[in-house]
Amino acid sequence: MLLPGPLRNIIRGSRAGQPANGQPGSAGPGQQLFPSRNAAGQESGTSRPSRGLEEFFNYIRGQSGLTILDLGGATQQNVTFITNLGHRLYSEDFLQLLNEAFGVDGIVDQSNPGRIDYFLRQALDYPEHHFDGVLVWDVLEYLAPALLVAVVERLHKIVRPKGCLLAFFHSDDKLEAVPFYTFRIQEVNSLQVAQQGLRKPAQLFNNRGLEKLFGQCESVKFFLSRDRLREVIIKA
Amino acid sequence: MWNKRREEEPPKPYTPQTVAPSGPAAPAPVAPSSVEVKKEATPVSSTPVGKFDSENRGNAASIGKAVKVVGQIFSKEDLYVDGTVEGTVEALEHRLIVGPHGTMQAAIKAREVTALGNIQGNVDAAERIEIRKDAKLVGDIRTARIIIEDGAYFKGSIDIIKPEPKPAPKPQAPAAAPAQSSAPANTAPVAAGPEVKR
């Protein structure tokens, strides 16, 4: 039976999102997890210029053999683009792991230290200074304060000094729910953005809040785009 | 007359076409044993060949979905795994297909890997790897070319390696003198099919 796209994705997501046996955050019977960010069926992507991405590639331009972490899950375009530049790519579907650990829209308390520790082991268990760059995309918006601080701290640890992170944050602080996207790299300065749905952000930031959040990093640079998506380049 | 029912033919019992064993005793089923088990051109399968039409697997040897193998598999032909494999799989010059029901907790080395099921372990695919929709791969990949379909789940690293240029064919020696083999004398004969070691 051919199901409509969104329904198919929900069903797919509930299957793909099941964690390993006995892990915390396991979905109970009938509880559907959020679909994978790369779920097929919603391919209506639009192209948008990205100064943040351009800045990110300016940083890694002329070098090869760097180690890049992509937290948006594996997509063909990103894998091809990064590896064609001669870099090694690590891929994590951060949102899916978040859903597995805490449920959709934070069903489970995101400030529980045990779960935070479990989540970090699942998603960001890498040696110190392992990465030269991290494509964070928009995933940090969905983290409650305690988890966010732990994640940023871990990111700061696993990125080598002077390494670069690219993160996106919505700049409209009146939003109840923000669209979440799949970001596919088209060029060094342009992205194909496919909206996958709406999701309630755990918190929204202004520039000051972001500077404070990444206070331990060397620098934070903002690029405000027309669609009220703030692109942020963080140098570790 | 109209209500006369035709007598239904009794169902024929399933008689799989098997090759009569050449030896005096029939081959024993695969069982845990410390003795090395070699299978020559005999697919390890619990399902009749031809049921997996979703993937064109040609004449690949197959491990059916009700089969679990723990140990090492060395294959000299294409291999289709729809069951469970724990250990290592080597099909250096051939293609490995992990079917939709396949679950592999194994280090994999093959010329080409196509994943439709679940793989947990590092994959070294000399030519290419395809991770299809609904497949799940957790592990590090080394390959010359990677194809990831939307909907696939991948966690790990990707190293793109340049394919090694194939050596130019050497001119054939004019004399028919047998070449001195540098291999040790006790080298085991190469099996034609997948070889299962425990």
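How many residues does the contact take from chain B, and how many from chain A? In this predicted model, the count comes to 15 residues from chain B and 17 residues from chain A. The largest share belongs to E12(B), which puts in 8 residues. Sorted by class, the side of chain B that touches chain A holds 8 nonpolar residues, along with 3 polar and 4 charged ones. As for the scores of the model, ipTM is 0.75 and pTM is 0.70.

Chain B itself is simple to list: it has 13 strands and 0 helices. Read from the N terminus on, its elements run β-β-β-β-β-β-β-β-β-β-β-β-β. Of the 198 residues in chain B, 30% are buried. Taking the contacts in chain B between residues at least 6 apart in sequence, 20% join residues at least 24 apart.

The mean pLDDT of chain B is 72, with 53% of its residues at 70 or more. Among the elements, strand E7 (residues 118-120) of chain B has the highest confidence, at a mean of 97, whereas strand E1 (residues 37-38) of chain B has the lowest, at 41. Two stretches deserve a mention here. Over residues 4-53 of chain B, pLDDT stays under 50, and the model has 44 contacts beyond four places in sequence for that stretch. Residues 175-192 of chain B also stay under 50, this time with 7 contacts beyond four places in sequence.

One residue of chain B can be followed in detail. Asp140(B) sits in the loop between strand E9 (136-138) and strand E10 (141-143) of chain B. Is Asp140(B) buried, exposed or partly exposed? It counts as partly exposed, because it has 17 C-beta neighbours inside 10 Å, while a buried residue would need 20 or more and an exposed one 12 or fewer. Leaving out residues up to four places away in sequence, Asp140(B) touches Asn122(B), Gly156(B) and Ser157(B). Val113(B) lies 27 residues from Asp140(B) in sequence, and the C-alpha to C-alpha distance between the two is 13 Å.

Now to chain A. Its mean pLDDT is 80, and 79% of its residues reach 70 or more. Even so, residues 5-35 of chain A have a pLDDT below 50, and this stretch has 50 contacts in the model beyond near neighbours in sequence.

The axes of helix H4 (residues 94-102) and helix H5 (residues 113-123) of chain A come within 10 Å and cross at roughly 150°. That angle makes H4(A) roughly antiparallel to H5(A), since angles over 145 degrees count as roughly antiparallel. The crossing of H4(A) and H5(A) is right-handed. Which residues meet where H4(A) faces H5(A)? From H4(A) come Phe94(A), Leu97(A), Ala101(A) and Phe102(A), and from H5(A) come Arg115(A), Tyr118(A), Phe119(A), Gln122(A) and Ala123(A). By class, the residues of this contact of H4(A) with H5(A) split into 7 nonpolar, 1 polar and 1 charged.

Terms used: Residues are numbered from 1 along each chain as its sequence is written. Chains are lettered from A and ligands numbered from 1 in the order in which they are written. This is a predicted model: local features need pLDDT of at least 70, side-chain atom pairs count only at pLDDT 80 or more; totals for chains, interfaces and linings use all residues. Helices (H or I, at least four residues) and strands (E, at least two) are DSSP runs, numbered from the N terminus. Two residues are in contact if their C-beta atoms, placed from the backbone, lie within 7 Å. pLDDT is the predictor's confidence in each residue, from 0 to 100. Axes are lines fitted to C-alpha atoms, for helices over the stretch in contact, and angles run from 0 to 180 degrees between N-to-C directions. Angles under 35 degrees count as roughly parallel, over 145 as roughly antiparallel, 65 to 115 as roughly perpendicular and the rest as oblique. A crossing is left-handed if the near helix is turned anticlockwise from the far one by less than a right angle, and right-handed if clockwise. Ala, Val, Leu, Ile, Met, Phe, Trp, Tyr, Cys and Pro count as nonpolar, Asp, Glu, Lys and Arg as charged, and the others, Gly among them, as polar.
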